[in-house]
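User: I would like to learn how to read side-chain features in a model. Please take me through them one at a time.

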Amino acid sequence: MVAEIMPKDINPNDEQLAKTAASSENGLSSVTSQVVVGVSHAYVCPKGKQIWLEGIRINPKYRRMGIASKLTYQMIKHGKEIGSNAREAAAITAHGNIASRRMMEKNEFHEKAKWSYYMGYKKNGQQANMNGLTIRNYVFENNQGNVCDDDTNAICGCKNVSFASTEDIEKIITFLSGSKTFISGGRKYVQSWKWYELELEYSKISDLVASKKIIIVKTEDKQEIEGLAITNNSLHKEYCAGQNQMEDKEQKQGSNGEEDVAYDDEDSSLQIVYADAPTLASLENLLVFVVRIVLSSSLFDRIQLFTPTHTNHEFYGISEVLAKFGISKSESFLLYTRSI
């Protein structure tokens with residue numbers, strides 16, 4: 001969406017807009033002149049149920065004139081034309097962006113959930129005073145129960161943490177259905193900085209499991225799930241030990257015969273797009289598993305983690321736990337939604 005100001009759009013009673021538009025720099029004195037003052041982007045999410053709004057940018061000289069609200073209206077209108085089944089419009093804004101929050105609320109959006117975003121680096125000075133080797137020693141020395149004795153670099157069947165299998169699908173649905181974290185997060189997960197609804201349907205969870213995007217923590221008797229993480233790409237084909245080269249090659253082939261490359265703009269980041277760890281132990285186990293993937297791979301140099309903000313996390317100090325693994329908080333976001 002592009003917002004333009006043309007001479008016919010200028011209300012002569014709006015002295016601020018008229019003065020700004022007629023300045024020598026903008027040159028709107030002629031009938032044919034116009035100037036772009038704002039842009040935005042609307043995306044109709046899978047199955048056409050949600051219109052995702054993002055990237056509203058207004059020329060500073062034209063702010064506080066209602067242009068962002070007009071763009072929002074047009075994005076929703078355009079989205080409904082494309083996705084006739086759309087029932088919700090949604091957007092994310094930084095917790096500290098007061099102007100954006102006020103604009104959303106002015107346009108009948110309501111705060112749906114709070115999310116936190118964390119970043120950790122494999123090495124160099126951005127690793128919260130812990131380089132890759134230090135993290136490796138911490139993980140392996142303090143979590144021996146989750147480390148394979150024969151090969152500390154291999155990602156293999158750990159004691160309580162593993163990639164989910166088809167046998168776990170019903171348990172995953174049961175776990176998320178009763179998860180306060182899942183509900184507090186608006187029942188969403190993240191894809192390419194868009195917050196999508198995570199439908200607790202067998203087929204949806206089955207797709208995520210089949211592509212090895214779900215990592216689970218089980219209880220000691222391995223009967224129940226006590227924590228899980230969803231990643232943004234298929235990790236299994238690159239990291240599971242005991243996989244022979246032929247199997248690995250076949251798993252990399254997509255249906256069109258081309259290699260399924262899942263690394264786009266975030267190609268050097270391993271993203272956890274939903275983290276649900278109700279206890280300190282389940283969080284640490286998930287982190288051990290994920291950090292080991294990063295340390296053992298040349299593909300990743302950092303971890304990005306998105307998680308709903310929930311009181312359980314605050315209770316055991318999720319930021320303090322993540323910091324031990326070199327992962328620190330970068331930003332807090334508010335998810336806004338509106339029925340349409």
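Analyst: One aromatic cluster is formed by Trp52, Trp115, Tyr117, Phe182, Trp193, Trp195, Tyr274, Phe306 and Phe333. The model is predicted, so local features need pLDDT of at least 70 and side-chain atom pairs count only at pLDDT 80 or more, while totals for chains, interfaces and linings use all residues. Residues are numbered from 1 along each chain as its sequence is written, and side-chain values use heavy atoms, leaving out hydrogens and water.

User: How many aromatic pairs are found in the whole structure?

Analyst: Rings of Phe, Tyr and Trp (its six-membered ring) pair if their centres lie within 6.5 Å; planes under 30 degrees apart are stacked, over 60 edge-to-face, and the rest tilted. The whole structure has 12 aromatic pairs. One of them is Trp115 with Trp195, edge-to-face at 5.8 Å centre to centre and 85° between the planes. Trp115 sits in strand 5 (residues 110-121) and Trp195 in strand 8, 80 residues apart; strands (E, at least two residues) and helices (H or I, at least four) are DSSP runs numbered from the N terminus.

User: Is Trp195 buried or exposed?

Analyst: Buried means under 20% relative accessible area, exposed over 50%, and partly exposed in between (1.4 Å probe, protein chains only). Trp195 is buried because its relative accessible area is 0%. Trp193 and Phe306 also make an edge-to-face pair, with 4.9 Å between centres and 80° between planes. Trp193 is in the loop between strand 7 (188-191) and strand 8, and Phe306 is in strand 12, so this pair ties together parts 113 residues apart in sequence. Phe306 is buried at 1% relative accessibility, whereas Trp193 is partly exposed at 29%.

User: How many salt bridges are there?

Analyst: Side chains of opposite charge can pair when their charged atoms come close. A salt bridge is a side-chain nitrogen of Lys or Arg within 4 Å of a carboxyl oxygen of Asp or Glu. The count is five. Among them, Glu54 and Lys194 have their closest N and O atoms 3.6 Å apart. Glu54 is in strand 3 (residues 50-58) and Lys194 in strand 8 (residues 194-197), a separation of 140 residues. Another joins Glu197 to Arg87 at 3.0 Å, N to O. Here Glu197 lies in strand 8 and Arg87 in the loop between helix 2 (67-82) and strand 4 (88-94), 110 residues apart.

User: Which residue forms a salt bridge with Asp168?

Analyst: Lys218 does, with the closest N and O atoms 2.9 Å apart. Both Lys218 and Asp168 are buried.

User: Which residues line the second largest cavity?

Analyst: On a 1 Å grid over the protein atoms alone, a cavity is a set of points where a 1.4 Å probe fits but cannot get out, and lining residues have an atom within 4 Å of a point. Ala229, Ile272, Ala275, Leu283, Leu286, Leu287, Val290 and Leu305 line the second largest cavity. Helix 10 (280-296) and strand 11 (269-276) each supply at least two lining residues, and helix 10 gives the largest share, four residues.

User: What does the side chain of Thr307 reach?

Analyst: The side chain of Thr307 reaches the backbone oxygen of Ala275 at 3.1 Å. Thr307 is in strand 12 (residues 302-308) and is buried, with a relative accessible area of 2%.

Terms used
On a 1 Å grid over the protein atoms alone, a cavity is a set of points where a 1.4 Å probe fits but cannot get out, and a pocket is an open set with protein on both sides within 12 Å along at least five of seven lines; lining residues have an atom within 4 Å of a point. A polar contact is a pair of N or O atoms within 3.5 Å; within protein, one must be able to donate a hydrogen and the other to accept it, and residues adjacent in sequence count only if both atoms are side-chain atoms.
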